[in-house]
Amino acid sequence: FIDAIMRFEKAIDLSPSNYEGWLNLACTCQRLYDFSGSKEYFYRAEESFEKASTLSPKDSIICFRWGELY
């Protein structure tokens, strides 16, 4: 998961409007939060879902996965 986070962050650095990068980063952080309980991953997931939703506001997958976080 850590390696995936680093790769998604690199993709986002190269293209900040990369919707899939933000969504995948959010989902990966969400899973790490589920496994570890670390609030750091919760906040990173929340921030990434928010960014993905601004890039693709009508995507229902974001709402569903973001809801799972809570």
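This is a predicted model: local features need pLDDT of at least 70, side-chain atom pairs count only at pLDDT 80 or more; totals for chains, interfaces and linings use all residues.
How many residues does α2 have, and how far does α2 reach from its first C-alpha to its last? The answer is 18 residues and 26 Å, close to the 26 Å expected at 1.5 Å a residue.

**Helix α2 and its buried residues**

- Quite a list of α2 residues is buried: Tyr 19, Gly 21, Trp 22, Leu 23, Leu 25, Ala 26, Cys 27, Thr 28, Cys 29, Gln 30, Leu 32 and Tyr 33.
- What do the buried residues of α2 pack against? Their partners are α1, α3 and α4.

**Where α1 meets α2**

- The axes of α1 and α2 cross at roughly 155° and come within 9 Å. That angle makes α1 roughly antiparallel to α2.
- From α1, the contact uses Ile 2, Ala 4, Ile 5, Phe 8, Glu 9 and Ile 12. From α2, the contact uses Gly 21, Trp 22, Asn 24, Leu 25, Thr 28, Cys 29 and Leu 32.

- Helix α3 runs over residues 39–55, which is 17 residues. From first C-alpha to last, α3 reaches 24 Å, close to the 24 Å expected at 1.5 Å a residue.
- Which residues of α3 are buried? They are Tyr 41, Phe 42, Ala 45, Ser 48, Phe 49, Ala 52 and Ser 53. These residues cover an arc of only 135° around the axis, so they sit on the same side of α3.
- A handy idea to keep in mind here is that an α-helix has 3.6 residues a turn, so residues three or four places apart point the same way.
- On the face of α3 turned away from its buried side, you will find the exposed residues Glu 47 and Thr 54.
- The cover over the buried residues of α3 includes α1 (2–14), α2 (19–36) and α4 (60–69).

**Where α2 meets α3**

- The axes of α2 and α3 come within 8 Å, crossing at roughly 155°. This makes α2 roughly antiparallel to α3.
- The crossing of these two helices, α2 and α3, is left-handed.
- Residues of α2 that meet α3 include Tyr 19, Trp 22, Leu 23, Ala 26, Gln 30 and Tyr 33. Among those they meet in α3 are Tyr 41, Phe 42, Ala 45, Ser 48, Phe 49 and Leu 55.

**Where α3 meets α4**

- Helices α3 and α4 pack at an angle of about 160°, and their axes are 10 Å apart. That makes α3 roughly antiparallel to α4.
- The crossing of α3 and α4 is left-handed.
- On the α3 side, the contact is made by Phe 42, Ala 45, Glu 46, Phe 49, Glu 50, Ala 52 and Ser 53. On the α4 side, Ile 62, Arg 65, Trp 66 and Leu 69 take part.

- Is Ser 48 buried or exposed? Ser 48 counts as buried because its relative accessibility is 2%, and the cut-off for buried is under 20%.
- Leaving aside neighbours within four places in sequence, Ser 48 is in contact with Trp 22, Leu 25 and Ala 26.
- Not counting residues up to four places away in sequence, Leu 55 touches Pro 16, Ser 17, Asn 18, Tyr 19 and Trp 22.
- Leu 55 and Glu 20 are 35 residues apart in sequence, and their C-alpha atoms are 9.6 Å apart in space.

Methods
Residues are numbered from 1 along each chain as its sequence is written. Side-chain values use heavy atoms; hydrogens and water are left out. Helices (H or I, at least four residues) and strands (E, at least two) are DSSP runs, numbered from the N terminus. The expected span of a helix is 1.5 Å times one less than its number of residues. Buried means under 20% relative accessible area, exposed over 50%, partly exposed in between (1.4 Å probe, protein chains only). The arc is that of the directions from the helix axis to the C-beta atoms. Contact means heavy atoms within 4.5 Å. Axes are lines fitted to C-alpha atoms, for helices over the stretch in contact, and angles run from 0 to 180 degrees between N-to-C directions. Angles under 35 degrees count as roughly parallel, over 145 as roughly antiparallel, 65 to 115 as roughly perpendicular and the rest as oblique. A crossing is left-handed if the near helix is turned anticlockwise from the far one by less than a right angle, and right-handed if clockwise.
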